[in-house]
Amino acid sequence: MLLYIAKRLCQTVFVLVGITFATFCLINIVPGDPVQVMLEKRADPEMIQQVRHELGTDKPLPEQYINFVEGAVKFDLGKSYFSKEPVMSMLLRGFLVTAKLAAISFLFAVTIGISCGMLAAIKRGKPTDSFLMMIAILGMSAPSFWIAIILQIIFGLKLNLLPLSGLDQPLCYILPSIALGTRYAASIARITRTSMLDVIKQDYIRTARAKGVKESMVFIKHALKNALIPIVTLLGTQLGNMLAGSMLIEKVFSISGIGKLAVDSMTNRDLPLVQGTVLYIAVIFVVINLIVDLSYALIDPKIRYGKGA
Amino acid sequence: MIRDNLLEVNHLKTYFYTDEGVVKSVDDVSFSVQPSRTLGIVGESGCGKSITLLSIMRLIENPPGKIVAGEILYNGENLLKKNKEEMRQIRGNNIAMIFQEPMTSLNPVYTIGEQILESISIHRPELDKGEARERALAMLKMVNIPMPEKRFNEYPHQLSGGMRQRVMIAIALSCEPDLLLCDEPTTALDVTVQAQILELINDLKKKARAAIIMVTHDLGVISEVADDVMVMYAGKVVEFATVDQIFAQPMHPYTCGLINCIPSLDKEVERLSTIPGMVPSFNEMPKGCAFAPRCSRATQRCKENMPELIDIGERKVRCFLYEGKDTE
Amino acid sequence: MKFFSFFYRKNKYIEDVAEQGIEYTSYYQDSFRRLKKNNAAMICLSVLALMVLIVIFAPWISPQDPNAQSLKDALRGPSAQYFLGTDEYGRDILSRIIYGTRISLSVGIISQVLATAIGVTMGVLAGYYGGYIDSLISRVMEIFAAFPELIFAMGIMYVLGPGVSNIFIALALLSWVSTARLIRGQVLQLKQKEYVEACIASGGASFQIIVRHLVPNCISTIIIMVTLGIPGAIMSEAALSFLGLGVQPPTASWGSMISAAQSYISLIPLYSVLPGLAIIIVVISFNIFGDGLRDALDPKLKNQ
Ligand SMILES: Nc1ncnc2c1ncn2[C@@H]1O[C@H](COP(=O)(O)OP(=O)(O)OP(=O)(O)O)[C@@H](O)[C@H]1O
Ligand SMILES: [Mg+2]
């Protein structure tokens, strides 16, 4: 168990270093001088020189990288070039908004996804199963931003039930969370079904039935816990993808979360902000996946007692 | 001699409907078991032994499997007419089953203790937590698991195959069933453990007056525990007799073959002959007797017609050789 | 095309192993028979074939020039002249959707073929050579996988700048990792097969072993990965274009159409609904066909 955790932590540290490196490269392999690109034609050479100095891009690359990593560790990545606000405080503000939205849609996706997947597995081969899986594949194939617009048209414009944009009242969360969560709910439902079907073929499920366990408990208690590992793996990746995917939804509902920050920074080519958003979204993603991997130990006693990988 | 049947199976047919065709895993099988007696079911791999037991438990996976005909009378009541809830109350409580695969039959994510407790709490809801735990521990002791308190909190992967099988037995016995179905309970175990487990099962028969069905392809096991023996071949009963009769005077050529097959230390090695050929697969089942292609005494008639199961006194045999002797 | 050359190699390979008594042709015949029995997959295949026809004959099918502006007709509903109405510049929505098919399908297919080329190369190298080459490639894969998909694609687009060909590259870089992982695993398994071991032991050239024994055996996986990768790539392209980081105006792309239409949902809702439906149809067809193909080619892979 300890070995497993240690191994996993080492790997994470390595990946985190890799991420800083990749993000750093990202900015520096932009064809042409990044500052020039950022300022486009607005700048005269003098100004470019000045901005370079401000951002520290006139220093040699290795030194720049070390400064960047130092900044990343100290949570200080300089100021946005355009708004002059510290990058970290902008990120934090955006992150809180997005995290709330993502958390709600995650809950939505997990509840709907797991219960529909279980239901489909229980009713395997029956019309309920085919129906649910058809809906799931439809949900997986529809772009979230399009679902968002359709929801806006139906519930905001035609029925006039729910607000069209913003996040200033609790009701506002409904449409964005559904739009963001649908795709994930659909894929959770699919993997839950597959994993459950795999598990219910196992001998211990037959043992449970032979003991006289209620059919519902066979599924909930005996099968689900065993089916959970692939589901949890998916959940981890998805929570991260949801943070990133929320930028599409944020655009539709005019929400100023971290996604909007990322898109704006890239369209404005605001160098420090681009670095900051990309880096920290990736870091959050990696940390979530780490937590997921460690949570396997809670599910699977083989990992807990040090046998499995 | 008339005994009260605890279980009576009549003309049971369990078929599997697969893409390649219908597999008649159990085809018109009838037998009965009485309290304090053990029925042994023998036969080669794939002849439908496990499916027979699973049919009694009503645990046939549907689809593709289905019990298409017959009746299973338990204490005179037809199990096939029971609804799901009634069946659930019977499973684990009145009828318990020990499965063939000890390595995979325990749920890997729950402790041994939790898994024994579960069946006690389902069928003995009147027991409080402490009493149930007492009982579960007592079961572990009964099946000779060393350090039961410690094992109680361990997970299946921490136990050896033999121990897991004993845990399975503890689970099966935890609610004192009066019918115990054992599907090759000792195949996966080494000889000493095997002997201990058979003893355990024999004890149960004597003390609790339970009826036992013991499936195995090991005739050594049969000779130790069984009172009656049923020999199956390709889904059908080919011979039924008491254990003494079977070993003293096997009738069906297949049974003779099987008995010649037992590797026994005190007999000559030459006797260790095997039956040539293999069990036919379901889609190349011969028209007549399923054993005919492998039978040294088969005639043209055997190849074309399926013999009936004929009564010869207390015994039954499915072979043309004994036709006309049923009146004796 | 490069993709099809795999098939050619496969055939040579079939003759090879047929001598060893392994029947490979019948494996593909069986798979094909299984696929033909799958109605949903066959329907989706015909939809996709139709889409390909639309891509090829777009100039003849579309009623108008997709980029012809006519400001006086802007934002009209369906009419005889404009079958599905017009957008904010008075361009014909139907024609733009038809031309959008070109972008979507080409992005999907080309990016996935690229991704497969990278993925197979990396996977085979990692699996075949093992050791530090494997560690190196595996670490690189870990870093690539450490970014959420959309952010990763956006980052690459930021570096490369917008444009269709850059989307190919960005999406290829996004999706090669999963192919590489699967192929690496398969190669590791194959290396333990006797005939490959024998080949290695008898000093066969590495390149030959890889091309003649390892790659052909991964064909099923490769086909499945390409087919199931395409819908994801199409979705990503739509998302990038929706965010304004993908296909640039005036080129018609479904994602950017939805983005533009978003401002007019109260005025002409159809404008935003239709491109989305087009995405759904293509993506769902690829998904269902891909699932069917996977089940037909490799029933074992079903639960992965
Ligand atoms: N799910 C299934 N689908 C199709 N056929 C099945 C299925 N389960 C069992 N069978 C068939 O039923 C027949 C009897 O199987 P069964 O498990 O009862 O054999 P067995 O006598 O217990 O053999 P063994 O000694 O190997 O355990 C086999 O021929 C098998 O092919
Ligand atoms: Mg069996």
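Colour by chain and look at B and C: no contact joins chain B and chain C, a contact being heavy atoms within 4.5 Å. The closest C-alpha atoms of chain B and chain C lie 12 Å apart. Of the two pairs of chains that are in contact, chains A and C share the most contacts.

Some ground rules before going on. This is a predicted model, where local features need pLDDT of at least 70 and side-chain atom pairs count only at pLDDT 80 or more, while totals for chains, interfaces and linings use all residues. Residues are numbered from 1 along each chain as its sequence is written, chains are lettered from A and ligands numbered from 1 in the order in which they are written, and side-chain values use heavy atoms, with hydrogens and water left out.

**Stop 1: chain C**

Show chain C as a cartoon and you'll find 12 helices and zero strands (DSSP runs numbered from the N terminus: helices are H or I with at least four residues, strands are E with at least two). Buried residues make up 54% of its 304 residues; buried is under 20% relative accessible area, exposed is over 50%, and partly exposed is in between, with a 1.4 Å probe and protein chains only. The accessible surface of chain C comes to about 13,400 Å², with 63% belonging to carbon and sulfur atoms (Shrake-Rupley method, 1.4 Å probe; for residues, only the protein chains shown count as cover). Among contacts in chain C between residues at least 6 apart in sequence, 71% join residues at least 24 apart.

Now colour 1–37 and 46–301 separately: those are domain 1 and domain 2 of chain C, with bounds from an automatic or database domain assignment. Their centres, taken over C-alpha atoms, are separated by 26 Å.

Next, select Ser62(C), in the loop between α3 (39–61) and α4 (93–129) of chain C. Is Ser62(C) buried or exposed? It is buried, at 8% relative accessible area. A polar atom of the Ser62(C) side chain lies 2.9 Å from the backbone oxygen of Ala58(C). Not counting residues up to four places away in sequence, Ser62(C) touches Ser95(C), Ile98(C) and Tyr99(C).

Then move along to Pro250(C), in the loop between α10 (219–242) and α11 (254–261) of chain C. The peptide bond from Pro249(C) to Pro250(C) is cis, with omega near 5°.

**Stop 2: the cores**

Which residues touch the most other members of the largest nonpolar core? Select Met154(C) and Leu243(C), in a core of 155 residues. Such a core is a set of buried Ala, Val, Leu, Ile, Met, Phe, Trp, Tyr and Cys residues joined through side-chain atoms within 4.5 Å. Show what surrounds Leu243(C): leaving aside neighbours within four places in sequence, its contacts are Met247(A), Leu248(A), Lys251(A), Val263(A), Leu150(C) and Met154(C). A second, separate core has 76 residues, including Ile51(B), Leu106(B), Ile120(B) and Ala132(B).

**Stop 3: chain A**

Chain A is divided into domain 1 (2–73) and domain 2 (88–304). Here the domain centres are 31 Å apart over C-alpha atoms, and 22 residues of domain 1 of chain A are in contact with 19 residues of domain 2 of chain A.

Pick Gly257(A), in the loop between α10 (215–252) and α11 (258–268) of chain A. Gly257(A) is buried, at 2% relative accessible area. Beyond residues up to four places away in sequence, Gly257(A) touches Gly94(A), Val97(A), Thr98(A) and Glu250(A).

**Stop 4: chain B**

Zoom to the magnesium ion (ligand 2): its protein donors are Ser50(B) (OG) and Gln100(B) (OE1), lying 1.8 to 2.4 Å from it. Donors are N, O and S atoms within 2.8 Å of the metal (3.2 Å for Na, K and Ca), and sites may look incomplete because water is not among the atoms. Ser50(B) sits in helix α1 (residues 49–57) of chain B, while Gln100(B), 50 residues apart from it, is in the loop between β6 (95–98) and α3 (112–123) of chain B. Gln100(B) is partly exposed, at 27%.

Finish at Asp27(B), in strand β2 (residues 21–33) of chain B. Asp27(B) counts as buried, at 12% relative accessibility. Its side chain makes polar contacts with the side chains of Tyr15(B), at 3.0 Å, and Lys236(B), at 2.8 Å. A polar contact is a pair of N or O atoms within 3.5 Å; within protein, one must be able to donate a hydrogen and the other to accept it, and residues adjacent in sequence count only if both atoms are side-chain atoms.
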